[in-house]
Structures are given as C-alpha cells and as structure tokens.
Amino acid sequence: MSAATTKDRHPSVEALLKHFGEKKPKALIRRLAQEKVSYAKRHGWSGPAFCPRQLCSLFGIRCFEVEHDIDGDGRILLGANGRPKIEYAAGRMKERQAFTIFHEFAHTLFPDYCDFLPLHHAAAQSSPEEKEFESLCDTAAAEMLFPSDEFTDDLKGIGRLHFPELLRLQQRYGGSLDATCYRMAELISAIPVSFAFMTDQRGSFSGGGPLWVKHSSGNKLFKGYIKGGERPPKDSVATICYAEQSQSVGPVRETWWIDGSPRSYMAEAVKLPTVANPDYPKLVVILLPLSYKGGSLCI
C-alpha cells in the first residue's frame with residue numbers, strides 16, 4: 001500500500017501530525033507507544049509475556065471479554081461512567097486477543113480518539129485512509145506486545161533463526177506466529193531476512209496455484225520486495241508444507257523470482273494456525289542468505 005498523501009489522510013492521522021508538529025506518522029506512533037511502555041514498566045509492568053490488560057489498567061482503561069457482537073475482534077468505547085473501556089471478542093485465540101487489546105489501546109495515542117468512539121478492530125477497512133490508520137494502530141500494538149528492549153535482547157541470543165526459535169519467541173511473548181515474524185523483520189539488523197506469507201486464495205492473482213504470496217515483510221537489509229501474487233518455486237518447501245500439513249519444512253536452497261530476477265535463498269516453510277477467515281495466510285516462508293550459518297540477529 002502506498003502511503004496516503006497529506007490530502008487524503010484519516011482525520012485522526014492528520015490530528016496526530018498536527019498536534020505533534022511532525023510529518024512521519026509511523027515513526028511518531030512508534031515513539032508514543034514506546035513512551036507508554038516505558039511509563040508502564042516504571043509502574044510495575046513486566047514480562048515477557050507483557051499483559052495487555054495490566055497495561056490498560058495502568059492508564060485507567062478496563063478490558064472485558066464479551067460474547068455479544070462487537071462488529072470485529074475488539075472495540076474501544078465509553079463506559080457508563082464516561083471512562084473508556086475495551087471490549088474484545090470471546091472465542092478467539094489468546095494471541096489474537098492480546099494483539100487486539102493492544103491495538104484498541106493504540107487508539108488512545110491519537111489526540112482526537114474520543115471524537116470517534118466507539119472504534120472497532122475490524123477484519124477489513126474500506127479506504128486507504130482507514131487502512132493507514134489501522135496499520136498505525138498495529139504498529140503501536142507490536143511495540144507493546146514485543147517491547148524493543150526485551151525482544152532485541154532475545155534476538156541477540158538466538159543461535160540460529162529457524163522454526164524452533166520462532167516458536168519459542170512466539171510462546172515467550174504470547175503473540176501469534178505472524179505477528180512475531182513481522183516484529184522480527186522490524187528489529188533484525190545483522191542479516192537480510194524476509195517473511196513471505198502464503199495464501200491458497202487466488203483472487204485476482206494470475207497463474208496456477210496452489211499457493212501465492214499474499215504479502216511479505218523484509219528487513220532493511222533484504223534486497224528487493226516479494227510482491228503479492230508471486231508464486232513459490234516448483235517443489236518449494238511452501239508447497240510441500242501446504243500439501244503435507246507439516247509444521248515446518250526446510251531449510252533448503254531455493255531460487256525465487258524477485259523484482260523480475262532470480263535470487264537464491266535458504267527457505268523454510270512454517271504452517272500458520274488454521275482460522276475461520278479464508279483470507280488468513282496458510283503459512284509463512286522464512287528467506288535467509290545462503291551464507292547464513294547462525295549467530296546473533298541484531299548488531
């Protein structure tokens with residue numbers, strides 16, 4: 001998604017930039033989330049795993065798991081006492097609920113959030129402006145679910161990036177596997193890495209399946225960008241993992257086409273949890289340099 005221009009931004013993003021006199025909303029929302037994390041830690045919030053309900057309580061916000069329809073995974077609204085509260089849907093995976101609560105709390109980082117209550121964490125948004133706004137809330141949620149100090153220290157201690165370490169970090173922080181991958185892509189600074197999330201829903205993509213790249217997330221060292229609609233190589237670990245429903249396959253050497261050129265990597269496919277939403281990716285492929293032998297992931 002291309003960045004929204006100043007003429008077509010969500011009013012809350014406009015208000016955020018105007019209030020703080022800044023031009024880069026992602027860097028700003030990240031900093032504001034980090035400030036909340038620092039405040040909470042000074043007042044006894046600790047982890048991992050970092051409890052989202054405890055964080056909210058430190059800022060006077062109560063959280064409620066609810067059975068009734070709330071038009072999405074979660075929402076923030078005013079309670080009978082006039083104070084904000086967060087409702088999150090029952091019956092979801094605990095990892096998903098945690099991210100939802102952090103996402104809803106992130107709405108409070110915008111100076112005009114009270115003007116738009118209730119705010120919902122819905123599965124889809126209809127406009128680029130809304131998508132940018134929700135993406136910023138996701139960025140802030142990741143900062144709180146995986147605080148950078150602790151997560152970077154854990155990345156420095158990893159012997160080798162592969163499925164067992166990914167699973168260990170996911171369980172340690174109480175996040176989902178996909179959220180853990182996204183956070184790793186943001187913070188890994190010692191080696192190039194990209195995470196390609198695969199779908200079996202063809203949609204508008206071309207070519208034969210069974211899998212297409214739905215989206216990808218690479219760090220700053222990874223050259224190129226794996227676009228949505230790209231297909232994995234023939235007999236890829238992705239195809240094998242999907243066909244056999246294996247928890248993980250690889251790593252093995254594979255050649256992927258990126259930006260119109262063939263590039264070779266060590267590839268490992270990891271199955272993602274099965275959820276009711278068919279648009280949710282089925283697996284993720286970790287792409288690493290051929291020369292990667294292990295070691296710290298952060299400088």
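Trainee: In this model, are Trp-45 and Phe-102 buried or exposed?

Mentor: Both Trp-45 and Phe-102 are buried. Please bear in mind that the model is a predicted one.

Trainee: How many aromatic pairs does a search of the whole structure find?

Mentor: Ten aromatic pairs are found across the whole structure. One of them joins Trp-45 to Phe-50, with 4.9 Å from centre to centre and 55° between the planes, which is a tilted arrangement. Trp-45 and Phe-50 are both buried.

Trainee: Why is the pair of Trp-45 and Phe-102 edge-to-face?

Mentor: The angle between planes decides the class, and a value over 60 degrees counts as edge-to-face. The ring planes of Trp-45 and Phe-102 lie at 70°, with centres 6.3 Å apart, so this pair is edge-to-face. Trp-45 belongs to the loop between helix H2 (25–42) and helix H3 (52–58), whereas Phe-102 belongs to helix H4 (residues 94–106); the pair therefore ties together parts that are 57 residues apart in sequence.

Trainee: Which residues do ring pairs link into a cluster?

Mentor: The cluster consists of Tyr-39, Phe-59 and Phe-105.

Trainee: Where does the charged end of Lys-85 sit?

Mentor: A ring may also have a charge over it. Here the charged end of Lys-85 sits over the ring of Phe-64, at 5.7 Å from the ring centre.

How values were computed. Residues are numbered from 1 along each chain as its sequence is written. This is a predicted model: local features need pLDDT of at least 70, side-chain atom pairs count only at pLDDT 80 or more; totals for chains, interfaces and linings use all residues. Side-chain values use heavy atoms; hydrogens and water are left out. Rings of Phe, Tyr and Trp (its six-membered ring) pair if their centres lie within 6.5 Å; planes under 30 degrees apart count as stacked, over 60 as edge-to-face and the rest as tilted. Buried means under 20% relative accessible area, exposed over 50%, partly exposed in between (1.4 Å probe, protein chains only). Helices (H or I, at least four residues) and strands (E, at least two) are DSSP runs, numbered from the N terminus. A charge sits over a ring if NZ of Lys or CZ of Arg is within 6 Å of the ring centre and within 35 degrees of the ring normal.
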